[in-house]
Protein chains: 2
Amino acid sequence: MSALYEQSRQLFIQRWGEMGANWGISRTMAEIHALLFVSPEPLCTDDVMAQLQVSRGNTSMNLRQLVNWGLISRVHLPGDRKEYFAGENDVWQMFETITRERRRREVEPIIETIERCQSMVRDDLKRLRGAERHQVQEYNRRLTEMADFLNVMNTLFNVVMKAGHKNLARLTKALARLM
Amino acid sequence: MSALYEQSRQLFIQRWGEMGANWGISRTMAEIHALLFVSPEPLCTDDVMAQLQVSRGNTSMNLRQLVNWGLISRVHLPGDRKEYFAGENDVWQMFETITRERRRREVEPIIETIERCQSMVRDDLKRLRGAERHQVQEYNRRLTEMADFLNVMNTLFNVVMKAGHKNLARLTKALARLM
DNA sequence: CAATCCTTTCGATCTGACCTGAAAGGATCG
DNA sequence: CGATCCTTTCAGGTCAGATCGAAAGGATTG
């Protein structure tokens, strides 16, 4: 295959890995993800090991995590025992998955925590007076704002992802009009 | 001050720190940010050290980074030599800052990389024929989709943050109409 | 300008996340 | 069933990045 094509792929994979690292995703996991994203057909564990120079164990772990996230899927080719892995290649679908998972794992817990924090000071809000009361009220207000914001963002993402792929042109135009 | 109020603050700070860690922000930095977010008035370095149990150097570094990001600001109280730090407490403003910075540092580089990757295979697209050509075309298509997606998201964020607080209801409706 | 008070820097240390590779575990084949 | 082929696990090793704290730097004061 063309040398430039190979180089181009490698560059993309490397950068995607770096980006992942900045967003709290292990570099290798992001690299595997990128590799499968740009691969026209499913790859097996050994392919991944060879192309990215990582150990068998590491590859196995990360492939599994990616399957867990729903970003890649196991594929069985007829007449072959090996497992193969195929990347989701619809970008919108991919990001919907990522968003949903991260929301579930990281945003929702923080919303719950905020509610819990608020319930902890509920009595104080009734009981206290004067400056102390004021301080707790302000604290409570800030927490509410934060929770509201997070909930609004949730809704927004739902809407956008639903609009998604199909209406991309319309969506872009509509956005341009709103600016 | 009320014990539950203190506990509530601590819980929030701790969780915010954990969340930060999941998103590629050092736990301590996120904790300091949370502390200043829930503090009704500016704090000095020693306050932060005492409340979070971190060293002077660590506190100094992280405070500086937060100032760099624009998430907190230095405040000088009259009649006091010390520097104090105040957190941004408008949640929308806060997230706009975070989004803008991360986009500049992490999303824009990846868009540039994608364009670079595409220019690397431009010749192949003219030169190659048959299956090989097909493969490079598909690769190119996926990259384009990815870049398009990222650009749409950029625009979306611009619009949302501009609409912001005030017109959010309208925005959500406008988007809902597109579904 | 010496003293005081803060802030920042920086080399040493530490920590936790990531990775490796050998060994165990399972499935499928003849 | 034994052999073969893959996958997964896990006990350690490695390393980048986070943290510490002493020392240097800088500003303000009397």
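Chain A has a radius of gyration of 23 Å, whereas a compact globule of 179 residues would have one near 16 Å. That radius is taken over C-alpha atoms, and the globule rule is 2.2 Å times the number of residues to the power 0.38. This is a predicted model, in which local features need pLDDT of at least 70, side-chain atom pairs count only at pLDDT 80 or more, and totals for chains, interfaces and linings use all residues. Residues are numbered from 1 along each chain as its sequence is written, while chains are lettered from A and ligands numbered from 1 in the order in which they are written.

**Chain A: layout**

- Along the principal axes, the C-alpha atoms of chain A fill a box of roughly 75 × 45 × 30 Å.
- Chain A has eight helices and three strands. Helices (H or I, at least four residues) and strands (E, at least two) are DSSP runs, numbered from the N terminus.
- The order of elements in chain A, from the N terminus on, is α-α-β-α-α-β-β-α-α-α-α.

**Chain A: sheet**

- The three strands make an open sheet, ordered β1-β3-β2 in chain A, with antiparallel pairing. Two strands pair if DSSP finds at least two bridges between them.
- β1 (43-44) and β2 (72-76) of chain A are the edge strands, and each pairs on one side only.
- β1(A) and β3 (residues 83-87) of chain A run antiparallel and are joined by two bridges.
- A:Leu43 has A:Phe85 as its bridge partner in β3(A).

**Where chains A and B touch**

- Chain B puts 54 residues into the contact, and chain A puts in 56 residues. Two residues are in contact if their C-beta atoms, placed from the backbone, lie within 7 Å.
- On the side of chain B that touches chain A, at least two residues each come from α1 (3-22), α2 (27-38), α5 (91-120), α6 (122-127) and α7 (130-177) of chain B.
- α7(B) gives the largest share of that side, 21 residues.
- The side of chain B that touches chain A holds 33 nonpolar, eleven polar and ten charged residues. Ala, Val, Leu, Ile, Met, Phe, Trp, Tyr, Cys and Pro count as nonpolar, Asp, Glu, Lys and Arg as charged, and the others, Gly among them, as polar.

**DNA strand C**

- DNA strand C has 19 residues around it, the closest being A:Thr28, A:Ser55, A:Gly57, A:Asn58 and B:Gly57. A residue is near a strand if its C-beta atom, placed from the backbone, lies within 6 Å of it.
- Two or more residues of this surface come from each of α2 (27-38) and α4 of chain A and α4 of chain B.
- α4(B) gives the most, with five residues.
- The surface near DNA strand C has three nonpolar, eight polar and eight charged residues.

**DNA strand D**

- Of the 19 residues around DNA strand D, the nearest are A:Gly57, A:Glu83, B:Ser55, B:Gly57 and B:Asn58.
- α4 (56-69) of chain A, with α2 and α4 (56-69) of chain B, are the elements that give two or more residues here.
- α4(A) gives the most to this surface, with five residues.
- Three nonpolar, eight polar and eight charged residues make up the surface near DNA strand D.

**Helix packing in chain B**

- The axes of α3 (residues 45-52) of chain B and α4(B) come within 10 Å and cross at roughly 115°. Axes are lines fitted to C-alpha atoms, for helices over the stretch in contact, and angles run from 0 to 180 degrees between N-to-C directions.
- B:Thr45, B:Val48 and B:Met49 of α3(B) make the contact with B:Arg56, B:Thr59, B:Ser60 and B:Leu63 of α4(B).
- This contact of α3(B) with α4(B) has three nonpolar, three polar and one charged residue.
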